[in-house]
Amino acid sequence: MNLNQSRERGIRQLVISDENLIGSVRGNLRLGELYSGVGERMARYGEAFDGALTSVALNVRSLESYWTSALTYAVARGHRMPLPLQLQNLTQSPRSWRDVITDIACAMPGVDIKILPFETFGGRPELQLELLSDCEAPRTHARVRLNASLRLEDLRSHLFETAAGELPEGEGRWRPFDAAQSAALRETYADDLMWLAGGADGLAQLVQDPEQLAAGLNLPQNEVTRGRPHDKEDRRLAGSG
């Protein structure tokens, strides 16, 4: 009924944006994996809109940053500090953004799926809206940050003294994962981005930053000026003495 009323009012495009459409952060932490029920949820949305959906946009993010943000969100709302086993399970979870995207594609055949990496489009909602709607987006309040992760100094003030004592000292972002775990999570995300850049098996499109100029056929001359003329001055052979 609402769709029909929108059409009668002359609305040509409808953008629905909600972080919980594909599932909740709380559910991800409880199950220890990314949006395991996304296929069923999106299939229900597709049925509810009766074929009116033409595209789906998904923001993906480095798994290290995503899980850190999720854990910060949970701890700030009274959940216990993550145990080492939970952190290790999150690191070793076989499910990544590739699985989430594949589930969405299977649930919504014929719908264009556009992937916008957080590292490129985070904090630029007006650009995302323009890319999705082909219209000029408003700039007023476009860069207002909502639900930003608390920094260590702010997180401590939200916790009881016992829990706050479990946080590391200092200021800045909380980093619950150790170096090896962080590297593993970044590697998984890099694999996902390579899969997307390679065409994602025809399931999704990796959206590029339109404000980032692509390299042309000819590289700038200042990048290729060193060569034979510099060989003589750059030779530095070890002497016998």
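Mentor: We shall take backbone torsions and then salt bridges in this predicted model.

Trainee: Which residues have a positive phi although they are not glycine?

Mentor: Most residues other than glycine have a negative phi. Here, Tyr 35 has a positive phi of about 40°, and Asp 134 has one of about 55°. Tyr 35 belongs to the loop between helix H2 (25-31) and helix H3 (38-48). Asp 134 lies in the loop between helix H8 (125-133) and helix H9 (152-158).

Trainee: Is Tyr 35 buried or exposed?

Mentor: Buried means under 20% relative accessible area. Tyr 35 has 7% relative accessibility, so it counts as buried. Asp 134, with a relative accessible area of 70%, is exposed.

Trainee: How many salt bridges does the model contain?

Mentor: The criterion is a side-chain nitrogen of Lys or Arg within 4 Å of a carboxyl oxygen of Asp or Glu. The count comes to six. Among them, Arg 95 pairs with Asp 103, with the closest N and O atoms 2.6 Å apart. Arg 95 is buried at 15% relative accessibility, whereas Asp 103 is partly exposed at 25%.

Trainee: Which parts of the chain does the salt bridge between Glu 211 and Arg 124 tie together?

Mentor: The N to O distance in this salt bridge is 2.8 Å. Glu 211 lies in the loop between S3 and helix H12 (228-234) and Arg 124 in the loop between helix H7 (118-121) and H8, so the pair connects parts 87 residues apart in sequence. Through shared partners, salt bridges join Arg 124, Asp 209 and Glu 211 into one network.

Methods
Residues are numbered from 1 along each chain as its sequence is written. This is a predicted model: local features need pLDDT of at least 70, side-chain atom pairs count only at pLDDT 80 or more; totals for chains, interfaces and linings use all residues. Side-chain values use heavy atoms; hydrogens and water are left out. Helices (H or I, at least four residues) and strands (E, at least two) are DSSP runs, numbered from the N terminus. Buried means under 20% relative accessible area, exposed over 50%, partly exposed in between (1.4 Å probe, protein chains only).
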